[in-house]
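Take a moment to look over the chain before reading on. Then follow the walk-through below, one step at a time.

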Amino acid sequence: MKTIDIKLVRSTIGRPKNQKLTAKALGLTKMNRVVTKVDNPQIRGMVKIISHLVEVTEK
């Protein structure tokens, strides 16, 4: 299975509620934390919502 690393590089402070909740659902609670997720359409959709806050690396 392909995986992706998602790193929170910008803060969620002052962002709309849906963006904060999306980051939390992905497991991104603090800046510069990296989480590894399975690469599927659901995760890609969540990343698209907060694409301006994260960096994505494909494995």
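Which residues make up the largest nonpolar core? The model is a predicted one, and in it this core has 12 residues in all. They are Ile4, Ile6, Leu8, Ala23, Leu26, Leu28, Val35, Ile43, Val47, Ile50, Leu53 and Val54. Two elements, β1 (3–8) and α2 (41–49), each supply at least two residues of this core. The largest share comes from β1, with 3 residues.

Now step back to the whole chain. It holds 2 helices and 3 strands. Read from the N terminus, the elements run β-α-β-α-β. The C-alpha trace spans about 35 × 20 × 15 Å along its principal axes. How does the radius of gyration fit a compact globule? For 59 residues, such a globule would have a value near 10 Å, and the chain has 11 Å, which agrees.

Where does it sit? Leu53 lies in the loop between α2 and β3 (54–58). Is Leu53 buried or exposed? Its relative accessibility is 0%, so Leu53 counts as buried. Leaving aside neighbours within four places in sequence, Leu53 is in contact with Lys7, Leu8, Val9, Arg10, Ser11, Thr12, Arg15 and Gln19. Look at Arg10 in that list. Arg10 and Leu53 are 43 residues apart along the chain, yet their C-alpha atoms are separated by 4.8 Å.

Leu8 is another member of the core. Not counting residues up to four places away in sequence, Leu8 touches Leu28, Lys30, Met31, Asn32, Arg33, Leu53 and Val54.

One of those partners, Asn32, deserves a stop. Asn32 is placed in the loop between α1 (17–25) and β2 (34–38). Is Asn32 buried or exposed? Exposed means over 50% relative accessible area. Asn32 has 51% relative accessibility, so it counts as exposed. Its backbone is worth a look too. Most residues other than glycine have a negative phi. Asn32 is not a glycine, but its phi is positive, at about 65°.

The accessible surface of the chain comes to about 4,100 Å². Carbon and sulfur atoms account for 53% of that surface. Buried residues make up 25% of the 59 residues.

Terms used:
Residues numbered from 1 in each chain as written. Predicted model: local features only at pLDDT ≥ 70, side-chain atom pairs only at ≥ 80, totals over all residues. Heavy atoms only, no water. Core = buried A, V, L, I, M, F, W, Y, C linked by side-chain atoms within 4.5 Å. Buried < 20%, exposed > 50% of the residue type's maximum accessible area, 1.4 Å probe, protein only. Helix = DSSP H or I, 4+ residues; strand = E, 2+ residues; numbered from the N terminus. Contact = heavy atoms within 4.5 Å. Rg over C-alpha atoms; globule rule 2.2 N^0.38 Å. Areas by Shrake-Rupley, 256 points an atom, 1.4 Å probe, with all protein chains shown as cover.
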